[in-house]
Amino acid sequence: MSDLYIMEQRRRQSCRERTKWVAYIVMLFMFCTRASGQYRYSISEEVKEGTVVGNIAKDLGLDKTTLKERGYRIVYGTTEPPFRVNRDDGILYVKRTIDREEVCDRSKVCVIDLKTVLENPLEVHYVAVEILDVNDHEPSFPENEKILEIPESALPGARFQLQAARDADSGSLSVQQYTLSHNEHFRLEVKDRGEDRKTPSLILQKPLDRESVQSHVLLLTAIDGGKPPRSGNMTIIVDVFDVNDNPPVFTQDSYTVQLKENSPVGTTVIQVNATDLDDGSNGEVVYSFGNDVDARARARFDLNSVTGVLTVAGSIDFEECSRYEIDIQASDKAAATLATEKSVIVHIVDVNDNAPEIEVTSFSHALPEDSKPGITVALISVKDSDSGLNGQVMCYINRELPFTITPSLQNNMYSLVTKLRLDREQQSQYVVTIVAKDAGEPSLTSDKTINIVVSDVNDNRPVFSQNPYTFYLTENNNPGASILSVTARDHDEGSNALISYHILRDRGGEHLLTSFLNINSENGDILALKCFDFETLKTFQFQVVASDSGTPSLSSNVTVNVFILDQNDNAPVILYPVSSNGSAEGVEEIPRNVNAGHLVTKVRAYDADIGYNGWLLFSLQQVTDHSLFGLDRYTGQIRTLRSFTETDEAEHKLLILVKDNGNVSLSATATVVVKLVEPKEAFAASDVKSSAKDEEGTDVTFYLMITLGSVSVLFLISIIVLIAMQCSKTTDYTSKYLQETNYDGTLCHSIQYRSGEKRYMLVGPRMSIGSTIVPGSHANTLVLPDRRRGSGEVRH
């Protein structure tokens with residue numbers, strides 16, 4: 001009998017060896033297949049911290065000199081990775097002691113998947129580290145001593161299942177065999193249930209005799225597959241007594257049921273039923289969990305000992321366990337209890353109760369605005385703990401943005417890439433919400449928001465606030481003082497928007513005036529190094545260039561038009577009378593018998609200024625007899641007011657004041673001495689003067705005719721222009737006569753009109769106070785004061 005037992009053990013051991021070789025070949029095939037997508041290492045558990053796993057940089061063909069610069073790192077979800085990589089040499093080290101049983105529980109193959117990431121440019125590699133099991137645990141039984149009560153009426157072949165030993169190690173290092181101490185009444189039978197589960201049972205091979213032996217003590221030993229092997233023992237005490245001889249019998253050979261996860265506590269799973277042919281208490285059946293039901297199943301299910309109804313007692317989670325095998329034992333109430341066991345297989349049906357999880361494994365925080373479409377911004381991985389359709393995930397962006405999500409070759413991996421060209425000046429930051437949605441019914445979604453900052457590129461030129469600039473500058477400015485200012489703006493930021501100004505100098509020397517101008521490169525203030533004189537310069541223009549500080553620098557230029565405005569800085573100059581020594585003095589002789597209104601003489605003067613600053617008025621300051629002479633304040637003509645009498649003096653002195661109409665009036669004086677002579681003397685003198693005056697009068701008449709003709713033509717053209725402008729835009733043009741407030745006379749002709757933002761007035765021989773001559777208009781066009789702000793015009 002013992003020889004047969006030994007042969008049987010050898011046969012089983014040979015079978016186990018063949019199974020190991022087949023499993024090894026399958027694992028080798030799986031490794032070769034997987035290695036095509038990632039690099040794989042293997043280390044034993046419990047190795048010391050700092051143990052070298054492998055040289056990732058060398059195996060992946062990476063340049064180890066760039067690892068630190070490119071930020072080489074390991075991405076391992078939200079927990080601390082058990083490994084670390086040295087950025088100097090690319091070697092992967094063990095960071096902490098790894099317990100395979102803690103990481104993978106009882107899995108046959110324990111693999112830790114790592115993602116290694118390099119930035120600039122983005123590069124991801126997948127590394128798998130297999131943790132090899134070490135025989136560091138010994139088998140152990142749930143209890144050190146087991147008491148069995150077996151009736152002496154038990155027939156040979158009766159089976160008594162025992163609690164299996166558990167070994168925290170897996171695979172070949174877990175429990176491989178059981179041995180039983182020698183006993184002629186019992187033998188050991190082991191049932192291989194897969195997944196490293198071997199359940200021992202005692203088989204009665206010889207009838208028991210309670211009168212001979214009341215108790216049998218057996219030693220059950222569990223042995224693992226380590227080298228050397230480790231073992232654990234349990235003492236079995238068999239008490240023999242005389243009881244009923246019929247065990248309960250289940251109504252079904254097997255029980256299989258499906259149960260939805262998340263079923264509430266109290267949900268009925270299944271009801272089992274068993275009968276016993278014995279009478280009385282020997283035939284009353286009670287139900288209980290089998291000895292081999294693990295603690296996890298006991299915590300989640302409850303069994304009614306009377307009815308055999310199996311109900312939910314805890315949380316049912318498909319992701320934790322998808323199948324439960326529960327042994328239910330039916331026992332009678334006899335003194336020597338007989339029991340029968342049946343397995344109930346509970347398949348957990350998955351429910352879509354887990355939303356997808358989104359992980360951004362790499363992200364570019366600043367994206368240049370000149371990035372081309374297709375640039376990877378972020379690498380996204382998603383996962384769903386559900387199975388089937390409930391675990392299939394679709395990833396997308398929830399609104400229209402210049403980005404899109406593209407799937408990767410790796411499952412549940414996506415890339416966030418640019419779809420369109422970006423413009424920081426339109427939008428400098430994007431908030432991208434990534435949505436992951438599974439295919440369950442109803443579907444579950446989750447989202448994650450990332451901020452993308454668009455960095456500036458120098459793609460905008462400076463833009464001036466006006467183009468062109470028009471400035472009005474009063475003459476006699478202070479040299480070295482600021483006369484005007486230009487401003488430009490750049491839509492870029494930072495150094496790309498830092499603007500400097502300079503004046504464009506004409507190298508050909510045509511515009512030497514720019515050499516007298518200087519500009520503040522920081523704020524655009526323009527300074528004049530000389531004093532301008534309206535009488536010598538009425539207008540000029542130059543160009544200013546604004547350049548940013550980007551690389552390469554961009555620039556733009558603007559034309560600046562400057563008009564010089566006149567000031568009353570020239571006093572009137574007397575042209576007639578002028579004596580031989582250069583003083584403004586003259587002597588006029590007239591006969592005593594002239595009538596009233598006789599032209600004595602005409603004072604002539606001019607002013608270098610224009611407009612009101614150059615418009616002259618004549619007045620008598622001193623005269624010996626106010627009743628004799630009168631002075632026309634506009635023409636400077638001196639005429640007699642009455643006829644002379646015998647009592648009038650023979651000589652009269654007239655002091656004439658000539659002044660302009662400036663705000664601060666300037667003036668000059670002339671002295672005319674009028675001598676009264678007898679008619680004969682006057683006639684002789686008049687003959688001499690008349691010849692000269694006739695010649696002068698001829699020239700004056702000629703020029704007067706030309707002047708009157710020009711003024712008439714100009715007036716006619718002005719009327720035609722005004723009529724045309726009124727017809728085209730009546731709302732922008734007005735025509736009416738000016739009203740003067742500070743002038744004693746009236747204008748011969750005065751017509752005002754508006755063109756755009758300016759108001760103009762055409763005038764004849766006289767002008768009103770308060771008007772301004774437009775530079776370049778030949779002193780016949782006035783600009784009227786306008787309260788409305790003129791675009792592009794500045795007066796200094």
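Guide: Helices (H or I, at least four residues) and strands (E, at least two) are DSSP runs, numbered from the N terminus. This is a predicted model, in which local features need pLDDT of at least 70, side-chain atom pairs count only at pLDDT 80 or more, and totals for chains, interfaces and linings use all residues. Residues are numbered from 1 along each chain as its sequence is written, and side-chain values use heavy atoms, with hydrogens and water left out.

Visitor: How many helices and strands does the protein have?
Guide: Both kinds of element occur in the protein. The count is 5 helices and 54 strands.

Visitor: What share of the residues is buried?
Guide: Buried means under 20% relative accessible area, exposed over 50%, partly exposed in between (1.4 Å probe, protein chains only). The protein has 796 residues. The buried share is 41%.

Visitor: Where does Asn262 lie?
Guide: Asn262 is not a glycine, yet its phi is positive, about 65°. Its relative accessibility is 42%, so Asn262 counts as partly exposed. Its place is the loop between strand S16 (255–260) and strand S17 (268–271).

Visitor: Which residue is joined to Pro468 by a cis peptide bond?
Guide: Pro468 sits in the loop between strand S32 (463–464) and strand S33 (469–474). Omega of the cis bond is about 0°. The partner is Asn467.

Visitor: Which side chain makes a polar contact with the side chain of Asp548?
Guide: A polar contact is a pair of N or O atoms within 3.5 Å; within protein, one must be able to donate a hydrogen and the other to accept it, and residues adjacent in sequence count only if both atoms are side-chain atoms. A polar atom of the Asp548 side chain lies 3.3 Å from the backbone nitrogen of Gly550. The side-chain partner, also at 3.3 Å, is Asn458.

Visitor: Why does the salt bridge of Lys419 and Glu400 tie together separate parts of the sequence?
Guide: The closest N and O atoms of Lys419 and Glu400 are 2.9 Å apart. Lys419 lies in the loop between strand S29 (413–418) and strand S30 (429–438), and Glu400 in the loop between strand S27 (393–397) and strand S28 (403–407), so the linked parts are separated in sequence by 19 residues.

Visitor: Which residues form one network with Arg424 and Asp456?
Guide: Arg424 forms a salt bridge with Asp456, with the closest N and O atoms 3.0 Å apart. The pair links distant parts of the chain, 32 residues apart. Both Arg424 and Asp456 are buried. Through salt bridges that share partners, the network also takes in Glu425 and Glu493.

Visitor: How many salt bridges are there?
Guide: Lys146 and Glu143 form one of them, with the closest N and O atoms 4.0 Å apart. Lys146 is buried, at 15% relative accessible area. By the rule above, the count is 20.

Technical notes:
A salt bridge is a side-chain nitrogen of Lys or Arg within 4 Å of a carboxyl oxygen of Asp or Glu.
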